[in-house]
Amino acid sequence: MTTTIAEFFEGDLAPLVRRMADRPRGEGGDTDDDRRETRAMVWEGLVGLGALDGSDAVGLAELLGSVLYQGPLLDTLTARELFPDLGPAPVALAEGSCSDQDDTVTARCDFVGFAAEVEHFAVVGGARSALVRAGHPSITTRRHEETGRGELYRVDFDGTPVTAWAGPLDWAGAQVRQAAYLVGLAQAALDHAVDHAKTRRQFGRAIGANQALSFRLAEMSMRVDAARLLVHDPGTAAHAAATLAETADLARTVTTRTMQIHGAAGMRSDDDAQLYYRRAAAESVRLPQPRG
Amino acid sequence: MTDFREEVCALLCEDAVRAEIAQSRRMPYGQESGLLDVHRRLGKLGWLAINWPERYGGSGATIVEKAIVTEEMIRHGVPENVHSLGVDIVGNAINLMGTDEQKERYLPGLARGETTANVLFSEPDVGSDLGSLGARAEPDGDGYRLTGRKIYNMKAQHSDFALCAARTSTGPVNYAGITLFLVPLHSLGTVIEPVWNLSEERFDLITLDGIRIGREDVLGEVDDGWQVLNRVLPFERTGLDHSAKAERTLAALREHAPPGCEERLDRLETRVRAARLLAWRCIANLHEGKPDEIHSATAKWYTSETAKEVSVAAVELLGPRALLDARDPDAIADGVFDAVFREAPGLTLAQGSSEIMLYFVATSKLGLPS
């Protein structure tokens, strides 16, 4: 399945996917509708190719990171662990504590992905998890203005009726998939840096001929290699959180160094270096993980 | 000296000034501030370029007072690029190397905070390797025709003129034959196109299509631009701007970090203190008239890398809250963490990249083979 999906992302679709949830900053360009259509098309394609089956979810997550996929698929996979009877509908995870006093949810949840286009919210993080239907009048959403310029929302539930209850979420599966996503992202950023180091010439030679750069790239390659083994062998639940923290640091480090290797050109909106850098920031702080 | 610092702080803490600074950071996407009222206030007091002679709008003070003003402006969040480009780089170069006529013409407006300038060095294919630049100034009567494309400069939309590097002759040594010119930015033959980027402030691609400049617009000597740059660079590479920025970010981070981060914050604070000491060592060198290139390279590298480290640590320690920009109603610390995170990559690239600083220290300080 992962191989088939990898083929799906090849070719002309790849650059569209990389920017399908990236809102330009003051420079015009595609409209939100264009990007939303691309996301809907990619969602249909992924579901059609069996992405919700749950087989090799870690490999799939790494692939999604490598193409910089932005959408509700990883959240939906996590929600389906809690609510296995869910159909093939997109779900967003919303972190907030659910009261068990009645059959409604009242909570403020920040940094909820793709809140404007999912069919359900899974409110998780408390003693119980709740599934609520998106679009209910008791739900208000506001898109965050943030570094990633993606589809992250503040969502307020005010007595929103619950359609299904489940126990508390065990974060381990989601943490490992997010870690795998970050490994894929780091690999893609590294590939971008290596390409640049081979072709950009300064002082009469390719900049990658300088050991200061080539050794740094080699070191990053080895760290990505190690992290890839980690996410496919996560160990205990405690290991899952630590693995996520390690890959979060890796993604931030690789993308920061990718920016340095690209120079000012990497800061340009039309260069993917800055896109990896911003996405690594946003994706590396998702889900509970040790900090500091 | 403490009294002067307190006076500067008192002005920068006024409600109107703070409100203007906050407003300048919440401008709609695609817009950015130029010179603010606070620049003009400082200019009117003779503080903006306080170390310049009084006849050019300064107060005849020393580089130490200038450093205090710069440090406090950044600590208080005044957008610094428009000031550092106009006064600290271009104006300073004119003050050091310009003719009396050039000083009369350009410095008073810069010192009053009424005009600003930008720097046209980098080109689409030329970054750190300035010796390879392609812009050319061909002799034309008693002046020159300047042709070339310049990129990764900032504030062109707010600048009246620019300091531009162009080749005036060729020879076996790449760095010879470069001349610095003071060029108008809004004249026929100059096309400015915005280049949107990661940071809050746009780059510009500036095409100079044979614009006419006179011999009186040469800064320093013809073919001797590299020497002019070497004279000016120690003033640009003190690292004071980066250390002040790191201090400001770290102070905000301490305020908002969750419990359990104290050790990490203490380590960062030690780095930031060291960064400031390196920066002020450079200021002391300049004050004594003894600029030290190795000290400058050390300060530039250490302070910019430290400021970058603090910005990334803020994301790690604060999590998603650090990513909210100043325009989000839930932003913390006026969105400073998002702003510095997006600005951070440029810190270790501009004014000489970290790699150039490391190379210089490796070869010039340690004596390693080049």
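Predicted model: local features only at pLDDT ≥ 70, side-chain atom pairs only at ≥ 80, totals over all residues.
**Entry 1. H5 and H7 of chain B**

I looked up how helix H5(B) crosses helix H7(B) and found a right-handed crossing. H5(B) covers residues 81-97 and H7(B) covers residues 225-236. I noted an angle of about 130° between them, with the axes 10 Å apart. The two helices are therefore oblique to each other. From H5(B), I listed Asp88(B), Ile89(B), Asn92(B), Ala93(B), Leu96(B) and Met97(B) in the contact. From H7(B), the partners are Val228(B), Arg231(B), Val232(B), Phe235(B) and Glu236(B). I sorted the contact by class and recorded seven nonpolar, one polar and three charged residues.

**Entry 2. Glu80(B), in the loop between H4 and H5**

I turned to Glu80(B), which sits in the loop between H4 and H5 of chain B.

**Entry 3. H4 and H9 of chain B**

I next examined helix H4(B), residues 63-75, against helix H9(B), residues 262-287. Their axes come within 9 Å and cross at roughly 150°. H4(B) and H9(B) are therefore roughly antiparallel to each other. Ile63(B), Val64(B) and Ala67(B) of H4(B) meet Ile283(B), Leu286(B) and His287(B) of H9(B). I counted five nonpolar residues and one polar residue in this contact, and no charged ones.

**Entry 4. H10 and H11 of chain B**

I then looked up helix H10(B), residues 293-318, and helix H11(B), residues 336-347. They pack at an angle of about 145°, and their axes are 9 Å apart. I recorded the crossing of H10(B) and H11(B) as left-handed. On the H10(B) side I listed Ser304(B), Ala307(B), Lys308(B), Ser311(B), Val312(B), Ala314(B), Val315(B) and Leu318(B). On the H11(B) side I listed Phe337(B), Val340(B), Phe341(B), Ala344(B) and Leu347(B). The residues of this contact divide into 10 nonpolar, two polar and one charged.

**Entry 5. Where chain B touches chain A**

I asked how many residues of each chain are in contact. The tally is 37 residues of chain B with 30 residues of chain A. On the chain B side, the elements that give two or more residues are H10, H11 and helix H12 (354-365). Which of the elements gives the most to this side? H11(B) does, with five residues.

**Entry 6. Strand E5 of chain B**

I examined strand E5(B), residues 178-184. Six of its seven residues are buried, so the strand is largely enclosed by the rest of the structure. Strand E4(B), residues 161-167, pairs with E5(B) in the antiparallel sense over seven bridges. In this pairing I found Phe161(B) opposite Pro184(B) in E5(B). E5(B) is also joined by two bridges to strand E8(B), residues 218-219, and these strands run antiparallel. Leu219(B) in E8(B) is the bridge partner of Leu180(B).

**Entry 7. A sheet in chain A**

I traced an open sheet of three strands in chain A, in the order E2-E6-E5, with antiparallel pairing. Strands E2 (104-113) and E5 (139-143) of chain A stand at the edges with a single partner strand each, so one side of each is left without a neighbour in the sheet. With direction ignored, neighbouring strands of this sheet are turned by 10° against each other on average. I counted eight bridges between E2(A) and strand E6(A), residues 152-161.

I noted Asp56(A), which has a positive phi of about 50° although it is not a glycine. Asp56(A) lies in the loop between helix H3 (32-48) and helix H4 (57-66) of chain A. Asp56(A) counts as partly exposed, with 16 C-beta neighbours inside 10 Å.

I also noted Asp223(B), a residue other than glycine whose phi is positive, near 70°. Asp223(B) is in the loop between E8 and H7 of chain B. I recorded Asp223(B) as partly exposed, with 16 other C-beta atoms within 10 Å.

Key
Residues numbered from 1 in each chain as written. Chains lettered and ligands numbered in written order. Axes fitted to C-alpha atoms, helices over the stretch in contact; angles between N-to-C directions. Helix = DSSP H or I, 4+ residues; strand = E, 2+ residues; numbered from the N terminus. Left-handed = near helix turned anticlockwise from the far one by under 90°. Contact = placed C-beta atoms within 7 Å. Nonpolar A, V, L, I, M, F, W, Y, C, P; charged D, E, K, R; others polar. Parallel < 35°, antiparallel > 145°, perpendicular 65-115°, else oblique. Buried ≥ 20, exposed ≤ 12 C-beta atoms within 10 Å, placed from the backbone. Pairing = 2+ DSSP bridges.
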